[in-house]
Amino acid sequence: MIIDLSRLRSEYFAFPSAGEVLTDTLGASPSVSSLKDFPSRVATKSGSLEELLQREHIVDSGAALRAIDEASTGLIILPPEYRIGEDAVRDLVVYDLDSMLRLDSMAVQRRLLGDDATGHRLSKKRKQQYAWSPEKVMSAAFSILGEEGDIEAIHSTIGWFGRDQHRRILSLYRSVQGAELRAFQNMVAYKLLIPTFRKALRTGKYGDRVLDDALKNDLAMKVLKYERYVTRHNLKSSLSRLDVDFTDLIDVSEIPFASGTKVVQVPSQRKTLNDSYQFKLTGIPFVEGNKITEAYSEVWEARGKCYCKDKTYRSDRRVSAHDEDFFCAHEISAYHTLRRKNEGEDVHVPLLPFLIPTKEMIGFVDKLRYQTIMLTYRPQTQRWSKRTLNHTEMENLMFKKVMRDGYEACFTTSIDRFREEKYNPDLDLVRFRN
Ligand SMILES: [Zn+2]
């Protein structure tokens, strides 16, 4: 995402309208009939705008992905077949099992376990025995989808069951938003915590606590590390203009609960109703020491109890014997924070089931947000209109990309992979425009 620093904080997470996409990519906002006078890439089989406007185009998702690939700048135009309207959105995300990538399926088991596959959901013991890690399972599920799935069908969300019989539903797009919110909070931390820690070092007091040597060293190290980061990535002037406060930090409460439960506070993206959400995470896959085997079963139990609209309206929609938990961006960002906070501790979170996008996938999503419009046609009025994509339409296209390019090119669940590649996704997840 791009944060426009000339805007208000409540607009940081808003994306451009169709008119703004046109102005940004073409320098003008032409009507549909005048689009032909401007350069653009049309995401259909032939790529002809004229053919599209005469409704003689052929849908070809491979060609659509190529058009998006090739448009490093400029306008991308999608045909109306990629439209998924609001009614369909609610139904699709939670009702339609055909569009969901199911990690408990027989096909995934067969791919990973061969003759040991039973089709029954794996017990805790068997998940541990087979090292049922998110990275391995996601990779297998997506590779089956890439080989056997229909790229022209509508795809949306990943699902699996926990031991509580709740179906967890994870969206690719919410995964990106969760990673963005986490990267945003990191930027906020660089802005707010450097002066806070400096002041503590100067006064010898941090909140109500008097600094002892250990805390003094810890804060001094952090200041040094943060300042180095800000300098190395040339963030100083952008951060000075970032309009944020302490409610923009993700906070994990120290109040103790049963093992595997924490209360967290996560900023609201738009800040229109709430500054932040405070809620519980349960089933946190904490592991003691090097007992990584336990993580293979516990990682699938993660749950959140956020009460934002996104979660509330997308969970429990199906008439079914199972509760359904749709992970929202707040929960995902809180899990990333919790993992980071406990890194290197004896009790830590070695595995998470949430997808972190690669540079390639971040670029793809940003093209859909900032460079793409969809043309839709109403036969009743015989008129074309232009619009930007909703979350489910982006999700569907993201799935198509993973089907074509493979899981590893698009996502990982392991930040260690990026560390080995010396890649820091934060700087692509949140970019600044002055
Ligand atoms: Zn939420």
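Reader: What makes E288, E294, E345 and D346 a patch of negative charge on the surface?

Author: In this predicted model, these four residues gather on the surface, and Asp and Glu count as negative, Lys and Arg as positive, while His and the chain ends are not counted. A patch is made of residues with over 30% relative accessible area and no salt bridge, like charges being joined within 9 Å and nonpolar side chains (Val, Leu, Ile, Met, Phe, Trp, Tyr) within 5 Å; the place of a charge is taken as NZ of Lys, CZ of Arg, CG of Asp or CD of Glu. Accessible areas come from the Shrake-Rupley method with a 1.4 Å probe, and for residues only the protein chains shown count as cover.

The numbering runs from 1 along each chain as its sequence is written. Because the model is predicted, local features need pLDDT of at least 70 and side-chain atom pairs count only at pLDDT 80 or more, whereas totals for chains, interfaces and linings use all residues, and side-chain values use heavy atoms, with hydrogens and water left out.

Reader: Is E294 called buried, partly exposed or exposed, and why?

Author: Buried means under 20% relative accessible area, exposed over 50%, and partly exposed in between (1.4 Å probe, protein chains only). E294 has 34%, so it counts as partly exposed. This residue lies in helix α11, residues 292–298, where helices (H or I, at least four residues) and strands (E, at least two) are DSSP runs numbered from the N terminus.

Reader: Why is R174 called buried?

Author: The relative accessibility of R174 is 4%, so R174 falls in the buried class. R174 sits in helix α8, residues 172–203.

Reader: How do you know that R303 and D164 meet in a salt bridge?

Author: A salt bridge is a side-chain nitrogen of Lys or Arg within 4 Å of a carboxyl oxygen of Asp or Glu, and the N to O value for R303 and D164 is 3.9 Å, so the pair qualifies. R303 lies in strand β13 (residues 303–304) and D164 in the loop between β5 (158–161) and β6 (167–170), so the pair ties together parts that are 139 residues apart in sequence. R303 is buried at 19%, whereas D164 is partly exposed at 31%.

Reader: What makes the pair of D366 and R431 a salt bridge?

Author: Their closest N and O atoms are 3.0 Å apart, which lies within 4 Å, so D366 and R431 meet the definition. With a relative accessibility of 5%, D366 counts as buried, while R431, at 36%, is partly exposed.
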